[in-house]
Amino acid sequence: MSAPGPAAFCLRLLRRQLVLAVRRPIEIGNPLLFFAMVVALFPLGLGPAPDQLAGFAPGILWIIALLSNLLTSDAVFRSDFDDGSLEQLLLSPQPLYLSVLAYIGAHWLITGLLLALVSPVFALMLNLPGEAIGSLVASLLLGTGVLSLLGCIGAALTVGLKRGGMLISLLILPLYMPVLIFGSAAVQAAVNGSPAGPYLALLGAMLSLAIALAPLAIAAGLRISVDA
Amino acid sequence: MWSFFHKLGSPPWLYGISGSILRWLLPLTLLALVTGLVWGLLFTAPDFRQGNSYRIIYIHVPAAVVALAGYYVMAIAGAINLIWKMKMADVAMKAAAPIGAALTFIALLTGAIWGKPTWGTWWVWDARITSMLILLFLYLGVVALYEAYDNKEAAGKACAVLSLVGTVNIPIIYKSVDWWYSLHQPASIKFTGESSIDPSMLYPLLLMITAFYALFTCCLLMNMRAELLQREARTNWVRKLALAGGRG
Amino acid sequence: MYFQSLDALLHMDGHGVFVWSAYLITSAVIALILVAPGRRRRRFLRQLAGEVKRQQAAAGDTRGGD
């Protein structure tokens with residue numbers, strides 16, 4: 001069998017990651033379950049008054065999405081690093097930029113996309129007005145892409161470390177801040193009845209920039225971690 | 001030109017030259033710091049709007065300016081280490097991180113103390129303050145990442161990547177917090193903005209900024225010297241130096 | 001000199017606490033970052049000198065210190 005072209009290789013890698021994820025459904029379920037549980041914590045802490053909850057809902061939903069994304073990004077490269085297949089990938093002639101994008105794509109599909117799809121349920125639980133749900137889903141779809149890209153930078157830099165779990169949040173959370181600002185601002189704008197488009201456009205711009213640059217940092221980080 | 005770069009890669013030469021630079025730079029820095037402090041504290045008139053509390057400007061602004069510049073020094077040193085694999089750049093990067101963190105801490109703390117009598121509050125989620133807080137997190141992230149690696153060569157490269165990612169992000173973070181704050185800004189707090197500053201206040205400020213740059217350089221060189229010795233502990237020149245009691 | 005008396009200098013029209021605490025904390029941090037690397041370097045050199053001397057003693061004094 002001849003070596004596949006970069007695009008075909010990339011798709012195979014993506015499919016492999018997805019198959020691996022589907023075989024362990026609990027791994028897919030964990031971030032969603034985490035999302036649901038933290039949503040349940042906020043009314044207990046803030047009080048159940050519906051209008052008060054609705055005021056905080058954009059921020060709450062976005063912070064939980066950010067945290068569940070952060071918690072899962074730690075494991076993106078972990079198992080492939082442990083069994084040596086990451087090293088094989090670095091030695092292979094395929095462009096690392098695209099292979100890294102396949103990893104991130106798989107991570108986004110099983111966390112970001114799913115979170116965005118189930119978020120309307122939790123939005124209703126927090127009394128978010130119905131007209132804001134569209135922009136919530138759209139902002140989560142765009143924003144979690146950026147979060148996955150940034151989170152994978154931290155994952156690549158800490159994958160070789162035994163105790164990387166806490167460190168990755170220190171490294172990556174400061175970088176998440178612009179996404180949080182514009183993500184929750186988009187939802188807030190929709191709640192107030194003003195157009196959410198500008199914020200979504202900014203999130204899209206961040207996503208484009210992150211797609212262009214983050215894989216370079218991730219590839220460099222993976223090389224450093226494997227060499228160490 | 002090239003021989004200079006070759007010398008720069010030689011630890012004994014760097015150790016020697018940094019020692020002789022420090023011998024005159026360190027006293028000069030201390031002199032400038034003390035002069036600036038005394039000038040700012042004793043010999044300037046109080047600001048007509050803020051009264052005497054504005055005197056904190058002479059440590060707050062220099063610390064903030066140099067903390068930000070220090071991040072770029074760290075990131076550039078990291079990039080040099082990544083691209084040309086220059087060991088001394090790695091030493092410089094590692095030396096810069098704790099100093100930058102300390103200066104950022106000074107800037108945040110004096111800002112909070114200044115804010116209390118001026119705006120009536122310790123903390124405002126303004127773009128500049130929030131960005132400084134994030135700068136502190138970025139510095140601490142670099143320090144923590146460096147400590148987490150056992151292999152110090154890999155640690156240097158990983159920190160270099162992280163500081164470069166931070167460099168791309170600092171303007172984005174600053175701009176986004178700026179927009180966010182202008183949307184949410186409470187009306188009670190007004191910033192005076194970039195009002196023109198009287199020369200009698202400007203000169204001590206410029207002196208202090210220069211002094212803080214010199215302070216950063218001194219600390220950087222001293223940290224680099226300590227780091228150099230530890231890395232070169234197996235070589236003859238360090239052993240001779242140790243036997244001579246550190247002189248030479 | 002702007003201030004008339006030491007008391008005025010310490011009090012600074014009510015802002016003295018803020019100004020002086022800011023300056024004191026800053027001085028402390030600066031002193032710390034100035035002193036720490038020197039101490040680290042000297043402690044390391046002392047340790048290394050002891051180590052080298054022990055090694056030379058173990059190797060026997062016939063070779064002499066080189």
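Two residues are in contact if their C-beta atoms, placed from the backbone, lie within 7 Å. Keep that in hand for the exercises below.

The model is predicted, so local features need pLDDT of at least 70 and side-chain atom pairs count only at pLDDT 80 or more, while totals for chains, interfaces and linings use all residues. Residues are numbered from 1 along each chain as its sequence is written, and chains are lettered from A in the order in which they are written.

**Exercise 1. Work out which chains touch.**

Solution. Start with chain A and chain C: they do not touch, and their nearest C-alpha atoms are 23 Å apart. Next, take the two pairs of chains that are in contact; chains B and C share the most contacts.

**Exercise 2. Describe the contact between chains A and B.**

Solution. Count residues to begin with: chain B puts in 23 and chain A 20. Then look at the elements, where helices are DSSP runs of H or I, at least four residues long, numbered from the N terminus. On chain B's side, helix H5 (127-148) and helix H6 (152-184) each supply at least two residues. H6(B) gives the most, with 13 residues. Finally, sort that side by class: 18 nonpolar, four polar and one charged. Here Ala, Val, Leu, Ile, Met, Phe, Trp, Tyr, Cys and Pro count as nonpolar, Asp, Glu, Lys and Arg as charged, and the others, Gly among them, as polar.

**Exercise 3. Sketch the build of chain A.**

Solution. Tally the elements: nine helices and zero strands. Now check the radius of gyration (over C-alpha atoms; the globule rule is 2.2 Å times the number of residues to the power 0.38). Chain A comes out at 18 Å, close to the rule's 17 Å for 228 residues, so chain A is as compact as a globular protein of that length. Its C-alpha atoms fill a box of roughly 60 × 35 × 30 Å along the principal axes. Last, of the contacts in chain A with a separation of 6 or more, 82% join residues 24 or more positions apart.

**Exercise 4. Examine how H1(A) meets H6(A).**

Solution. Locate the helices: H1 spans residues 6-23 of chain A and H6 residues 96-125. They pack at an angle of about 35°, with axes 9 Å apart.

Terms used
Axes fitted to C-alpha atoms, helices over the stretch in contact; angles between N-to-C directions.
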